[in-house]
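Open the structure in your viewer and keep the sequence panel beside it. The stops below say what to select and what is found there.

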Amino acid sequence: MNGWEEKDHFLVKTFAFSNFVYAFTFMTRVATMAEKMEHHPWWEKSHHTVIIRLTTTTGNENCITQKDVDRAGTIDELYDSMQKR
């Protein structure tokens, strides 16, 4: 997958932006998509970067599922479309 890494039962990727507003816009768009899919990411934001962690919780455990892989793909598509501006 395009830059995603498996770490501690999460798919993890860092996204970089040219400024705070683009990073926050990206987070807002990811949040809207997550709500529609009912699959919400864990994330951190620091000025120009957003770190996203995807996992599926089953019982008391986290694991990477096809839902996470599909979600990663939609996030990459959104990021790529924002970089073309």
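**Stop 1: the loop at D8**

Select D8, which is exposed because its relative accessible area is 68%; exposed means over 50% relative accessible area, buried under 20%, and partly exposed in between, with a 1.4 Å probe and protein chains only. D8 sits in the loop between β1 (5-7) and β2. Its phi is near 50°, a positive value in a residue other than glycine.

Before going on, note that this is a predicted model, in which local features need pLDDT of at least 70 and side-chain atom pairs count only at pLDDT 80 or more, while totals for chains, interfaces and linings use all residues. Residues are numbered from 1 along each chain as its sequence is written, and side-chain values use heavy atoms, with hydrogens and water left out.

**Stop 2: the whole chain**

Zoom out and colour by secondary structure. The protein has two helices and six strands; helices (H or I, at least four residues) and strands (E, at least two) are DSSP runs, numbered from the N terminus. Along the sequence the pattern reads β-β-α-β-β-β-β-α. The radius of gyration is 13 Å, close to the 12 Å that the globule rule gives for 85 residues, so the protein is as compact as a globular protein of that length. That radius is taken over C-alpha atoms, and the globule rule is 2.2 Å times the number of residues to the power 0.38.

Along its principal axes the C-alpha trace spans about 40 × 25 × 20 Å. Buried residues make up 32% of the 85 residues. Of the contacts between residues at least 6 apart in sequence, 63% join residues at least 24 apart; contact means heavy atoms within 4.5 Å.

**Stop 3**

E6 is exposed, with a relative accessible area of 65%. Leaving out residues up to four places away in sequence, E6 touches L11 and I64. Draw a distance from E6 to L54: the two are 48 residues apart along the chain, and their C-alpha atoms are separated by 9.5 Å.

Now select F10, in strand β2. Is F10 buried or exposed? At 13% relative accessibility, F10 counts as buried. Beyond its neighbours within four places in sequence, F10 is in contact with E5, W42, R53, L54, T55, N62 and I64. F10 and P41 lie 31 residues apart in sequence and 9.9 Å apart in space, C-alpha to C-alpha.

Next pick E61, in strand β6 (residues 61-63). E61 counts as exposed, at 57% relative accessibility. Its C-alpha atom is separated by 8.9 Å from that of H9, 52 residues apart along the chain.

**Stop 4: the nonpolar core**

Show side chains for W4, F15, F17, F26, I52 and I75. These have the most contacts inside the largest nonpolar core, which has 16 residues. A nonpolar core is a set of buried Ala, Val, Leu, Ile, Met, Phe, Trp, Tyr and Cys residues joined through side-chain atoms within 4.5 Å. At least two residues of this core come from each of β2 (10-16), α1, β4 (49-54) and α2. Which element supplies the largest share of this core? It is α2, with five residues. In soluble globular proteins, nonpolar side chains tend to be buried together.

Centre on W4. Not counting residues up to four places away in sequence, W4 touches L11, V12, K13, F15, I52, L54, A72, I75 and D76.

**Stop 5: the two helices**

Select helix α1 (residues 20-37) and helix α2 (residues 66-83), which pack at an angle of about 145° with their axes 11 Å apart. Axes are lines fitted to C-alpha atoms, for helices over the stretch in contact, and angles run from 0 to 180 degrees between N-to-C directions. The contact is made by Y22, T25, F26, R29, V30, M33, A34 and M37 of α1 and K67, R71, T74, I75, L78, Y79 and M82 of α2.

**Stop 6: H47**

Finish at H47, in the loop between β3 (42-46) and β4. H47 is partly exposed, with a relative accessible area of 47%. H47 has a positive phi of about 45° although it is not a glycine. Apart from its neighbours within four places in sequence, H47 is in contact with N19, F20 and A23.
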